[in-house]
Amino acid sequence: FRSYGLTASTLQSAPTLAKLRGAQVYIIVSPDNPAKNPHPHYMNAAEADPIAAWVRSGGVLLIMENDPANADIPHMDILADRFGLHFNNVLVHHVIGDRFEMGRIDLPTPAPPFTHPHVLYMKDTCSLTLSKGARPLLQWKGDTLMAVARVGKGTVVAVTDPWLYNRSEEP
């Protein structure tokens, strides 16, 4: 992101409207769970309220979840559900061992947000259920893996894997 001119900083405490005011984009990646952090910081309504208000006023929120064993899906849905983006607490797109080809997703035809053909790799993800006008950006093998919701003046993008790989391949 920095190579595209983004200035990045990390919020070390709960988000508030004042803390988000200067931000154009807020990214939440693979939220805490007890398996990864003995003192996880769960999403709750008090923290979801200012994030939702910030999005409605024009902010761009990117939520990158993970599979159920590696993220806190139920608490993140406290926020995501407000936008019609529900992370399903299920394991999909499972890759066995080092059989990385199982995670390959070919996108031969450009379609938003991809402006040219891509080969992506996603493994061991959850999936999304959409409502409130949210629309899919990436569907694979019957599962929605990326989606977008327009909310007020803002936008929320949901991705079901925090390790989204773009693999350039020569013809």
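Residues are numbered from 1 along each chain as its sequence is written, and side-chain values use heavy atoms, with hydrogens and water left out. Because this is a predicted model, local features need pLDDT of at least 70 and side-chain atom pairs count only at pLDDT 80 or more, while totals for chains, interfaces and linings use all residues.

**Two buried residues**

Strands here are DSSP runs of E with at least two residues, numbered from the N terminus. Buried means under 20% relative accessible area, with a 1.4 Å probe and protein chains only.

Contact means heavy atoms within 4.5 Å. Neighbours within four places in sequence aside, Thr 155 is in contact with residues including Val 55, Leu 61 and Arg 150. The side chains of Thr 155 and Arg 150 are also joined by a polar contact of 3.1 Å (a pair of N or O atoms within 3.5 Å; within protein, one must be able to donate a hydrogen and the other to accept it, and residues adjacent in sequence count only if both atoms are side-chain atoms).

Two strands pair if DSSP finds at least two bridges between them. Asp 106 has Val 119 in S5 as its bridge partner. From S5 (residues 118-121), Val 119 and Tyr 121 point one way and His 118 and Leu 120 the other, and all are buried. In a regular strand, side chains alternate between the two faces of the sheet.

Conventions:
Buried means under 20% relative accessible area, exposed over 50%, partly exposed in between (1.4 Å probe, protein chains only). Helices (H or I, at least four residues) and strands (E, at least two) are DSSP runs, numbered from the N terminus.
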